[in-house]
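Subject: Structure handover and findings

Hello,

Here is the structure I promised to pass on. Please open it first, then read the notes below it.

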Amino acid sequence: MSLTTIIGTAGALIILVSFILNEIHKLDSESFIYDFANFIGGSLLAIYAYLLSSIPFLILNVVWAIVALRDVILDLRNK
C-alpha cells in the first residue's frame with residue numbers, strides 16, 4: 001500500500017468513525033474530540049487530494065478542515 005493511499009484511508013476512517021459515533025450518540029457533534037477528528041481527517045484528505053491532483057476534492061477537504069479548525073479553536077477558547 002502506498003503512502004498516498006495510507007494518508008487517504010486514515011483521513012476517511014477518522015471522519016467516518018467520528019460520524020458513526022455521532023450518529024449512534026456516543027460522540028456529541030459539539031465536542032472537542034469530534035471537531036478535532038474532523039480537522040485531522042479533513043486535513044489528511046486534503047493532503048491526499050493534493051497528491052492526486054484532485055482539485056474539487058482538495059477544495060472540499062480544505063474547507064472541511066478550516067471549518068473544523070475554527071470549531072477546535074472556539075472549543076479551546078471556551079475551556
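First, a definition: buried means under 20% relative accessible area, exposed means over 50%, and partly exposed is in between (1.4 Å probe, protein chains only). By that scale Gly11 is buried, at 0% relative accessibility.

Some ground rules. This is a predicted model, in which local features need pLDDT of at least 70 and side-chain atom pairs count only at pLDDT 80 or more, while totals for chains, interfaces and linings use all residues. Residues are numbered from 1 along each chain as its sequence is written, and side-chain values use heavy atoms, with hydrogens and water left out.

**Buried positions**

Gly11 lies in helix H1. Helices here are DSSP runs (H or I, at least four residues), numbered from the N terminus. What does Gly11 touch, leaving aside its neighbours within four places in sequence? Its contacts are Gly41, Leu44 and Leu45. Contact means heavy atoms within 4.5 Å. Gly11 and Leu27 are 16 residues apart in sequence, and their C-alpha atoms are 18 Å apart in space.

Ser18 also lies in helix H1. Ser18 is buried, at 3% relative accessible area. Its side chain reaches the backbone oxygen of Ile15 at 3.0 Å. That is a polar contact: a pair of N or O atoms within 3.5 Å, where within protein one must be able to donate a hydrogen and the other to accept it, and residues adjacent in sequence count only if both atoms are side-chain atoms. Not counting residues up to four places away in sequence, Ser18 touches Leu27, Tyr34, Ala37 and Asn38.

Asn61 is in helix H3. Asn61 is buried, with 2% relative accessibility. A polar atom of the Asn61 side chain lies 2.9 Å from the backbone oxygen of Phe57. With neighbours within four places in sequence set aside, Asn61 is in contact with Gly42, Leu45 and Ala46.

**Aromatic pairs**

How many aromatic pairs does a search of the whole structure find? It finds 2. Rings of Phe, Tyr and Trp (its six-membered ring) pair if their centres lie within 6.5 Å; planes under 30 degrees apart count as stacked, over 60 as edge-to-face and the rest as tilted.

Phe32 and Phe36 form a stacked pair, 5.7 Å centre to centre with 15° between the planes. These two are 4 residues apart in helix H2 (residues 32-52), so about one helical turn separates them. Phe32 is partly exposed at 26% relative accessibility. Phe36 is partly exposed too, at 38%.

Tyr48 and Phe57 make an edge-to-face pair, because their ring centres are 6.4 Å apart and their planes stand at 85°. Tyr48 is partly exposed at 23%, and Phe57 is partly exposed at 29%.

**Surface patch**

Which residues make the nonpolar surface patch of about 520 Å²? They are Leu16, Val17, Phe19, Ile20, Leu21 and Ile24. Patches are made of residues with over 30% relative accessible area and no salt bridge; like charges are joined within 9 Å, and nonpolar side chains (Val, Leu, Ile, Met, Phe, Trp, Tyr) within 5 Å. Accessible areas come from the Shrake-Rupley method with a 1.4 Å probe, and for residues only the protein chains shown count as cover. Phe19 lies in helix H1 (residues 3-23). Phe19 is partly exposed, at 42% relative accessible area.

**Salt bridge**

The structure holds 1 salt bridge, defined as a side-chain nitrogen of Lys or Arg within 4 Å of a carboxyl oxygen of Asp or Glu. Arg70 and Asp71 form it, at 2.7 Å from N to O. Arg70 is exposed at 51% relative accessibility, whereas Asp71 is partly exposed at 23%.

**Positive phi in the loops**

Most residues other than glycine have a negative phi. His25 has a positive phi, near 65°. His25 lies in the loop between H1 and H2 and is exposed, with a relative accessible area of 73%.

Ser53 has a positive phi as well, near 60°. Ser53 sits in the loop between H2 and helix H3 (55-77). Ser53 is exposed, at 58% relative accessible area.

Best regards
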